[in-house]
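Biologist: Please go through the labels used for this model and say what each one rests on. I would like the cut-off before the conclusion.

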Amino acid sequence: MSELQTMQDALDIVKDIQVGDLVQGEVLVLQDKQAIVGIIGGGVEGVIPFNELSATPFDKVEDVVKVGDVLDLVVIKPIKDKENGSFLLSKRRVDARKVWEELQVKADNHEQVEGTVKDVVKGGLVVDAGVRAFVPASMISDHFVSDLKQFKGQTLLFDIVEILPTDNRLILSRKEIVANEKAAKRASALEAVYEGAIVTGKVARLTNFGAFIDLGGIDGLVHVSEISHEHVSKPSDFLAVGQTVEAKVIGLDAEKGRVSLSIKETVPGPWDNITERAAVDSTLVGTVKRFAAFGAFVELFPGVEGLVHISQIAHKHIATPQEVLQVGQEVSVKVLEVNEAEKRISLSIKALEEAPVVEKPEVEEVVEEEYVLPEEDVTFSLADRLGEQLSELVVED
């Protein structure tokens with residue numbers, strides 16, 4: 001009777017196992033595509049197929065379980081062919097159920113979750129957060145991201161936007177996380193920036209009015225006029241995106257997070273030691289850069305121009321500099337005066353040229369002829385002359 005009662009109890013236990021029940025099973029045998037377990041307290045065996053062993057990818061059954069492990073399992077369905085076991089079981093679904101419960105608690109407490117980006121699909125990212133989750137493209141960052149492939153394989157933190165365990169629906173977002181991280185970096189970066197500081201950063205983007213430099217949390221603007229001592233028409237002629245540059249902080253608005261930078265102030269200026277490089281009375285070779293009504297500007301060194309006044313261009317009279325010179329023409333000039341403080345140099349072209357010889361007109365030689373009085377006049381005295389004049393007056397009377 002006792003044996004029959006024991007067998008009946010065992011049968012009753014088996015009958016009590018229903019689809020959806022949570023049971024525990026001890027791993028008895030590992031096969032290529034499944035694991036055979038004994039259901040504890042059930043007196044029967046069950047089968048865990050390969051795809052129900054784990055929610056995460058694996059190559060071999062041994063990578064997930066080993067003989068002797070006691071597992072929490074859920075009954076999927078009974079097996080008609082009971083050669084390997086009476087029930088089809090799942091470890092993956094039990095694990096997922098636990099994960100959903102943990103995720104629900106985090107969602108209720110507004111906690112972040114960690115997940116690994118497994119794939120890039122149309123409209124967003126597929127993330128493994130213990131269960132399959134989705135991140136819409138609009139929630140990946142605080143700005144539009146065109147290349148989503150860069151995130152594949154990365155393990156990141158996410159906010160839970162929506163969770164529906166019954167529908168296996170989990171929507172995640174990084175938008176606010178990225179915004180908060182940037183704000184923290186900006187605040188930290190601003191603490192290390194002050195007017196006059198020399199900072200290092202990378203060119204983030206170029207515009208027609210300058211370049212934005214990433215200083216590691218904040219962007220600083222280098223205006224086109226502060227890129228080089230030379231004339232800059234396009235920032236792209238001097239800088240490239242991704243290039244590392246050194247700049248000086250020349251303006252700071254901490255409240256608005258605005259930083260003004262200068263690259264040219266970190267390198268020697270073209271006018272430094274100009275009195276030595278362009279000494280008075282020295283001869284230099286330069287290039288005609290532009291004209292004015294009063295003369296021509298000649299570039300002596302990059303960023304250094306001197307003026308050749310119109311009166312110093314040629315020995316002959318000219319109405320405009322263009323009569324003698326052309327833009328781009330190389331000329332030899334003599335330095336007449338240097339004013340480093342006012343950044344002015346006076347030059348002369350004609351001082352290096354020999355003045356033309358001016359021919360004087362021929363003038364007839366004037367020969368002074370000596371006047372010789374008649375011989376008789378030589379002895380003619382003044383008294384005699386006066387006497388004659390008096391006698392003439394008497395006669396007339």
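Modeller: Burial is set by relative accessible area: under 20% is buried, over 50% is exposed and anything in between is partly exposed, with a 1.4 Å probe and protein chains only. Phe 297 has 16% relative accessibility, so this residue counts as buried. The model is predicted, so local features need pLDDT of at least 70 and side-chain atom pairs count only at pLDDT 80 or more, while totals for chains, interfaces and linings use all residues. Residues are numbered from 1 along each chain as its sequence is written, and side-chain values use heavy atoms, with hydrogens and water left out.

Biologist: What makes the confidence in helix α5 stand out in the protein chain?

Modeller: The score is pLDDT, the predictor's confidence in each residue on a scale from 0 to 100. Helices here are DSSP runs of H or I with at least four residues, strands are runs of E with at least two, and both are numbered from the N terminus. The protein chain averages 86, and 85% of the residues score at least 70. Helix α5 (residues 375–378) has the lowest mean, 48, whereas strand β20 (residues 344–348) has the highest, 97. Over residues 376–380 the pLDDT is below 50, and beyond near neighbours in sequence this stretch has 3 contacts in the model. A contact means heavy atoms within 4.5 Å.

Biologist: How many helices and strands are there in the protein chain, and what share of its residues is buried?

Modeller: The protein chain has 6 helices and 20 strands. Of its 397 residues, 34% are buried.

Biologist: Why is the pair of Phe 50 and Phe 58 called tilted?

Modeller: Rings of Phe, Tyr and Trp (its six-membered ring) pair if their centres lie within 6.5 Å; planes under 30 degrees apart are stacked, over 60 edge-to-face, and the rest tilted. The structure holds 3 aromatic pairs. In the pair of Phe 50 and Phe 58 the centres are 4.4 Å apart and the planes stand at 35 degrees, so the pair is tilted. Phe 50 has a relative accessible area of 23% and is therefore partly exposed, while Phe 58, at 17%, is buried.

Biologist: Why is the pair of Phe 294 and Phe 297 called edge-to-face?

Modeller: Their ring centres are 6.2 Å apart and their planes are at 80 degrees, so the pair is edge-to-face. Phe 294 has a relative accessible area of 42%, so this residue is partly exposed.

Biologist: How do you know that the charged end of Arg 290 sits over the ring of Phe 297?

Modeller: The test is that NZ of Lys or CZ of Arg lies within 6 Å of the ring centre and within 35 degrees of the ring normal. The charged end of Arg 290 is 4.0 Å from the centre of the Phe 297 ring. Arg 205 likewise lies over the face of Phe 212, at 4.1 Å from the ring centre.

Biologist: What makes a set of residues a nonpolar core?

Modeller: The members are buried Ala, Val, Leu, Ile, Met, Phe, Trp, Tyr and Cys residues joined through side-chain atoms within 4.5 Å. The largest such core has 23 residues, and Leu 103, Leu 125, Val 127, Ile 160, Leu 170 and Leu 172 touch the most other members. Two or more residues each come from α2, β6, β7 (124–128), β8 (132–136), β9 and β10. Helix α2 gives the most, 5 residues. A second, separate core of 22 residues includes Val 288, Ile 310, Val 335 and Ile 349.

Biologist: Which residues is Leu 170 in contact with, leaving aside neighbours within four places in sequence?

Modeller: Among them are Trp 100, Leu 103, Phe 134, Ile 160 and Glu 162.

Biologist: How does the reach of helix α3 compare with what is expected?

Modeller: The expected span is 1.5 Å times one less than the number of residues. Helix α3 (residues 175–191) has 17 residues and reaches 25 Å from its first C-alpha to its last, close to the expected 24 Å. Its buried residues are Ile 177, Val 178, Ala 189 and Leu 190, and what covers them includes β9, β10, β14 (244–253) and β15 (258–262).

Biologist: Why is His 110 called exposed?

Modeller: His 110 has 73% relative accessibility, so this residue counts as exposed. His 110 lies in the loop between α2 (92–108) and β6 (113–121), and has a positive phi of about 55 degrees although it is not a glycine. Asn 168, in the loop between β9 (155–164) and β10 (169–173), also has a positive phi, near 50 degrees. Asn 168 has a relative accessible area of 56% and is therefore exposed.
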